[in-house]
Amino acid sequence: MYNGNTEKDYVQAGLVAGLGAGVATSFAVSQGQNPFLALAITLMASAFAMICHRYDLI
């Protein structure tokens, strides 16, 4: 039957969040935002997604 989410994949959660945030921040960089700030935003989004995935909030 339905197995739920018995095997967590933190790398996948981090990559998906990083790609999503990377798209938005790359647009912001093209509009003049600091690239290091955009990288920090992308890394924070990835870490937050991995934490949410760990505690089954996603």
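Modeller: A helix here is a DSSP run of H or I with at least four residues, and helices are numbered from the N terminus. Ala 21 has its place in helix H1. Please keep in mind that this is a predicted model.

Biologist: How many helices and strands are there in the chain?

Modeller: The chain has two helices and zero strands. Helix H1 covers residues 10–30, and helix H2 covers 35–54.

Biologist: Why does Ala 21 count as buried?

Modeller: Buried means under 20% relative accessible area. Ala 21 has 13% relative accessibility, and therefore counts as buried. Leaving aside neighbours within four places in sequence, Ala 21 is in contact with Thr 42 and Ala 45.

Biologist: What makes Thr 42 buried?

Modeller: The relative accessible area of Thr 42 is 16%, which is under 20%, so Thr 42 is buried. Thr 42 lies in helix H2. Apart from neighbours within four places in sequence, its contacts are Gly 18, Ala 21, Gly 22 and Thr 25.

Biologist: Is Val 23 buried or exposed, and how do you know?

Modeller: Val 23 is also a residue of helix H1. Its relative accessibility is 59%, and the cut-off for exposed is over 50%, so Val 23 counts as exposed.

Biologist: What share of the chain is buried?

Modeller: Buried residues account for 21% of the 58 residues. The accessible surface of the chain is about 4600 Å², and 69% of that surface belongs to carbon and sulfur atoms.

Biologist: What makes H1 roughly antiparallel to H2?

Modeller: Two packed helices are described by the angle between their axes and the distance between the axes. For H1 and H2 the angle is about 150°, and the axes are 8 Å apart. Angles over 145 degrees count as roughly antiparallel, so H1 is roughly antiparallel to H2. Their crossing is right-handed.

Biologist: Which residues make the contact?

Modeller: On H1 they include Tyr 10, Ala 13, Gly 14, Ala 17 and Gly 18. On H2 they include Pro 35, Ala 38, Ile 41, Ala 49, Met 50 and Arg 54. By class, the contact has eleven nonpolar, seven polar and one charged residues.

Biologist: Why does Arg 54 belong to the charged class?

Modeller: Asp, Glu, Lys and Arg count as charged, so Arg 54 of H2 falls in that class.

Biologist: What is noted about the phi of Asp 56?

Modeller: Most residues other than glycine have a negative phi. Asp 56 is not a glycine, yet its phi is positive, at about 55°. Asp 56 is found in the segment after helix H2.

Biologist: How do you know that Asp 56 is exposed?

Modeller: Its relative accessible area is 53%, which is over 50%, so Asp 56 is exposed.

Technical notes:
Residues numbered from 1 in each chain as written. Predicted model: local features only at pLDDT ≥ 70, side-chain atom pairs only at ≥ 80, totals over all residues. Heavy atoms only, no water. Buried < 20%, exposed > 50% of the residue type's maximum accessible area, 1.4 Å probe, protein only. Areas by Shrake-Rupley, 256 points an atom, 1.4 Å probe, with all protein chains shown as cover. Axes fitted to C-alpha atoms, helices over the stretch in contact; angles between N-to-C directions. Parallel < 35°, antiparallel > 145°, perpendicular 65-115°, else oblique. Left-handed = near helix turned anticlockwise from the far one by under 90°. Contact = heavy atoms within 4.5 Å.
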